Amino acid sequence: MSKTITIQKTTTQHSDFMLLVSHLDNELWNELKEDQAQYDQYNKVPNITTALVVYVNNQPAAIGCFKQYNSTTVEIKRMFVEKPFRGMGLSKKILNHLELWAAQLGYQYAVLETSIHFTVAINLYKQAGYSIIPNYDQYAGLAESVCMKKQLPAPSLFKGLDGIEYFEFEEDFMEDGMRCIPMIVRYKLDKAGIKLKLGEWAKFSNTEKVQLAVLSCQQPNEVQQYQHYVAQLVQQHTQHAASTLVLEVPAAWDITTQVPAELLQKAAEFNQTIHSTQWQALSLLQRFALVKLCRSKHENRNFPVALKEFGITI
């Protein structure tokens with residue numbers, strides 16, 4: 001049975017957030033015992049408006065939040081996953097969302113503190129790009145504490161870029177700590193018959209990425225030029241040839257007379273539906289985005305968000 005994962009922005013006063021905080025505190029007292037008496041005072045997060053609750057099949061499963069540390073930095077707090085939902089990668093999802101949220105608010109860095117006994121958490125943070133730093137503020141001199149810091153991802157190049165269609169849900173597009181390829185570029189790559197890997201995309205300069213977003217790729221000569229440009233970039237940055245992609249003809253997003261069956265099936269998993277009139281009213285890139293989101297396991301969580309952004313659901 002597939003699991004539906006949703007992430008809700010909320011406050012630390014939300015009932016589900018408070019419920020999971022109580023479970024977190026109970027675990028900390030059981031595991032750290034007398035040491036927790038010293039640390040408990042530093043864990044309080046009253047009235048914070050930058051909190052997340054993760055739901056698995058509508059059950060509260062995980063939480064996390066951040067608060068301002070200084071004008072450039074946030075402090076990650078109250079990261080917790082309920083035991084039945086561990087091993088699903090929820091901690092990584094929460095951390096990515098918190099970091100992106102903080103970056104969107106203009107912060108440049110994130111700091112956090114954890115216990116030397118929580119090796120799983122320390123490894124998670126290291127894999128996410130955090131480095132150990134000298135213990136800060138109230139944690140200075142406390143041998144049980146491990147403090148860490150990371151530079152947050154830069155804001156997207158494509159939000160507000162003239163001449164392209166870019167969606168709000170793409171601001172949360174992250175994989176392995178890197179921003180994913182935007183839908184406008186993915187559409188043009190599909191049209192040009194090139195499969196671009198995220199690692200290849202990451203090597204391109206910002207100017208080259210923007211160029212791939214704004215270049216026209218409609219007429220046969222434009223498609224050929226686009227294909228040549230991408231292949232040239234891949235060869236230049238990776239020293240190997242670009243991978244080709246089998247073209248989907250006709251593409252599901254090009255057919256406006258009926259909603260693709262795979263899309264209806266995916267929508268039903270979220271207790272939603274897409275009417276033919278709604279499908280026809282979407283832009284070409286919106287139709288492309290929905291089809292791609294419903295096919296990718298990694299991006300499934302963005303599917304209901306995109307339905308709402310496109311006005312299909314409330």
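A: Start with N47, in the loop between α2 (34-39) and β2 (51-56). Keep in mind that this is a predicted model.

Q: What is phi of N47 near?
A: Phi of N47 is near 60 degrees, which is positive, and the residue is not glycine. Most residues other than glycine have a negative phi.

Q: Is N47 buried or exposed?
A: N47 counts as exposed because its relative accessibility is 63%, and the cut-off for exposed is over 50%.

Q: Which loop is N58 in?
A: N58 is in the loop between β2 and β3 (59-70). Phi of N58 is also positive, near 70 degrees. With 65% relative accessibility, N58 counts as exposed.

Q: Where does the cis peptide bond sit?
A: The bond from V249 to P250 is cis, with omega near -10 degrees. P250 belongs to the loop between β11 (243-244) and α9 (261-269).

Q: Packing now. How do the axes of α5 and α11 cross?
A: The axes of α5 (residues 183-192) and α11 (residues 284-295) come within 10 Å and cross at roughly 85 degrees. That angle makes α5 roughly perpendicular to α11.

Q: Which residues meet there?
A: From α5, M183, I184, R186, Y187 and D190 meet L284, L285, F288, A289, K292 and L293 of α11. By class, this contact has 8 nonpolar, no polar and 3 charged residues.

Q: How many cavities of 30 Å³ or more are there?
A: The search of the whole structure finds 1. The largest cavity holds about 60 Å³ of space.

Q: What lines the largest cavity?
A: S156, F158, Y166, E170, F173, R179, C180 and P182. That lining has 5 nonpolar, 1 polar and 2 charged residues.

Notes: Residues numbered from 1 in each chain as written. Predicted model: local features only at pLDDT ≥ 70, side-chain atom pairs only at ≥ 80, totals over all residues. Heavy atoms only, no water. 1 Å grid on protein atoms, 1.4 Å probe; cavity = no way out; pocket = protein on both sides within 12 Å on 5 of 7 lines; lining within 4 Å. Points joined across faces, edges and corners; volume = space filled by probe spheres on them. Nonpolar A, V, L, I, M, F, W, Y, C, P; charged D, E, K, R; others polar. Axes fitted to C-alpha atoms, helices over the stretch in contact; angles between N-to-C directions. Helix = DSSP H or I, 4+ residues; strand = E, 2+ residues; numbered from the N terminus. Parallel < 35°, antiparallel > 145°, perpendicular 65-115°, else oblique. Contact = heavy atoms within 4.5 Å. Buried < 20%, exposed > 50% of the residue type's maximum accessible area, 1.4 Å probe, protein only.
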